[in-house]
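Have a look at the model, then we'll take the calls one by one.

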Amino acid sequence: ASISIKPELETDVTDLLRTLVTSQSEDESIDLLKDTNLSTEFYFVLDRSGSMEGKRMEKAKEALACFINGLKSETKLNVISFGTKYKPLFNECKKINDCVKGEILNFLQVAKADMGCTELLPVIYWIINQPSTQKDVCKTIFVFTDGG
């Protein structure tokens with residue numbers, strides 16, 4: 001399932017995600033593929049092109065932080081910024097723990113819409129071509145963008 005929201009709508013994606021995360025019990029984290037035997041790698045792709053300046057960038061970072069804070073420990077993930085070029089936060093997917101979560105949240109504090117134009121396709125190719133650490137891995141991609 002996916003959520004597609006056009007930038008011109010007044011829907012607050014962050015509130016929607018916060019509801020998803022907090023609707024879990026206090027002791028339960030988000031397990032997006034709990035009914036499957038596949039190992040999963042999550043790729044969170046953050047648009048840092050010029051069109052994301054201001055409120056759009058802040059909302060995207062807030063939404064991404066909601067996901068990161070809600071993932072169960074040991075989830076494998078990477079965060080990739082993109083604009084004209086792309087830049088992964090890590091060289092490969094890392095298992096989330098307090099240290100990795102801290103690195104991501106610190107990165108989100110300073111991330112700006114300063115990476116030029118919106119060129120998503122090279123990021124997708126990069127993700128597809130990343131070697132997986134295990135057999136039978138499902139690569140799940142979340143894109144945080146205004147579509148500009």
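Exposed here means over 50% relative accessible area, and buried means under 20%. Keep in mind that this is a predicted model.

Q: Why is I128 called exposed?
A: The relative accessibility of I128 is 53%, and the cut-off is over 50%, so I128 counts as exposed. I128 sits in helix α4, residues 121-128.

Q: What makes the nonpolar surface patch of about 330 Å²?
A: That patch comes from L121, Y125 and I128.

Q: How do you know that F44 is buried?
A: F44 has 0% relative accessibility; buried means under 20%, so F44 qualifies.

Q: And what makes F67 buried?
A: Its relative accessible area is 9%, again set against a limit of under 20%.

Q: Which aromatic pair do F44 and F67 form: stacked, edge-to-face or tilted?
A: Across the whole structure, a search turns up 8 aromatic pairs. For F44 and F67, the centres are 5.7 Å apart and the planes make 50°. Centres must lie within 6.5 Å, and planes under 30 degrees apart are stacked while those over 60 are edge-to-face, so this pair is tilted.

Q: Why is the pair of F44 and F144 called tilted?
A: The ring centres are 6.3 Å apart with planes at 35°, so the pair is tilted too.

Notes: Residues numbered from 1 in each chain as written. Predicted model: local features only at pLDDT ≥ 70, side-chain atom pairs only at ≥ 80, totals over all residues. Heavy atoms only, no water. Patch = residues over 30% accessible without salt bridge, like charges linked within 9 Å, V, L, I, M, F, W, Y side chains within 5 Å. Areas by Shrake-Rupley, 256 points an atom, 1.4 Å probe, with all protein chains shown as cover. Salt bridge = Lys/Arg side-chain N within 4 Å of Asp/Glu carboxyl O. Helix = DSSP H or I, 4+ residues; strand = E, 2+ residues; numbered from the N terminus. Buried < 20%, exposed > 50% of the residue type's maximum accessible area, 1.4 Å probe, protein only. Phe/Tyr/Trp six-rings, centres within 6.5 Å; stacked < 30°, edge-to-face > 60°.
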